[in-house]
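User: Could you walk me through this one? I'd like to talk about helices and charged pairs.

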Amino acid sequence: MEYVIENMFDKVQGKKAIIVLSDGVDNSSTKSLARVMKLAAEREVTVYPIIHSFPQSQHFREMAKNNRIKLKNVSKYFLAYIDAQNEFLDLVSRNGGRIIFSAGYADLKNIYDVLVEELKNQYSLSYVPTSSRNVPEKDFKEVTVKLRNRPGEVFVRLGYIQEQ
């Protein structure tokens, strides 16, 4: 994923998105997932992983985050798998993307159709922040976007990096 982000989007104007087919576990990258997602944010590339997962995995992901003691008899390899999915989920949501869980790849056409519609219906909001002299270089600034009395969902980057 890091190679694509570093090398394939240099000349792309406008929206940039990458769709990743994965099991949610990274076992061959040279950079950490956190570093790759930071790179994606810096290059304004939104990541949409499609993770092949079994139906009960959501239940185990929630237990791993909220009630880990219940997983004391679970294999350490399975727990690492669930933790990796949770990390991926967290980092992707911070970047404005979202993870799509799939029980199998037979539904890929429907998933791609949904993503195409989602990308077509995205809006960009921007503003110019007031300058602050005591802001450290590359300071992360949080941003919140909410819908008021409207149906729908908001997927948004949690912020941006302000450079001096």
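Analyst: One definition before we start: helices are DSSP runs of H or I with at least four residues, numbered from the N terminus. Please also keep in mind that this is a predicted model.

User: OK, so where do Glu62 and Lys65 lie?

Analyst: Both are in helix H3, which covers residues 57-66, and they are three residues apart, about one turn of the helix.

User: How many salt bridges does a search of the whole structure find?

Analyst: The search finds nine. Among them is the pair of Arg43 and Asp10, also at 3.9 Å from N to O, which links distant parts of the chain, since Arg43 is in the loop between H2 and strand E2 while Asp10 is in the loop between helix H1 and strand E1, 33 residues apart.

User: Are those two buried or exposed?

Analyst: Arg43 is partly exposed, with a relative accessible area of 32%, whereas Asp10 counts as exposed at 56%.

User: Switching to packing, how do H2 and H4 cross?

Analyst: The axes of H2 (residues 33-42) and H4 (residues 76-94) come within 10 Å and cross at roughly 15°, and the two helices are therefore roughly parallel to each other. The crossing is right-handed.

User: Which residues meet there?

Analyst: Leu33, Ala34 and Met37 in H2 meet Glu87, Phe88, Leu91 and Val92 in H4; by class, that contact has six nonpolar residues, one charged and no polar.

Key: Residues numbered from 1 in each chain as written. Predicted model: local features only at pLDDT ≥ 70, side-chain atom pairs only at ≥ 80, totals over all residues. Heavy atoms only, no water. Axes fitted to C-alpha atoms, helices over the stretch in contact; angles between N-to-C directions. Parallel < 35°, antiparallel > 145°, perpendicular 65-115°, else oblique. Left-handed = near helix turned anticlockwise from the far one by under 90°. Contact = heavy atoms within 4.5 Å. Nonpolar A, V, L, I, M, F, W, Y, C, P; charged D, E, K, R; others polar. Salt bridge = Lys/Arg side-chain N within 4 Å of Asp/Glu carboxyl O. Buried < 20%, exposed > 50% of the residue type's maximum accessible area, 1.4 Å probe, protein only.
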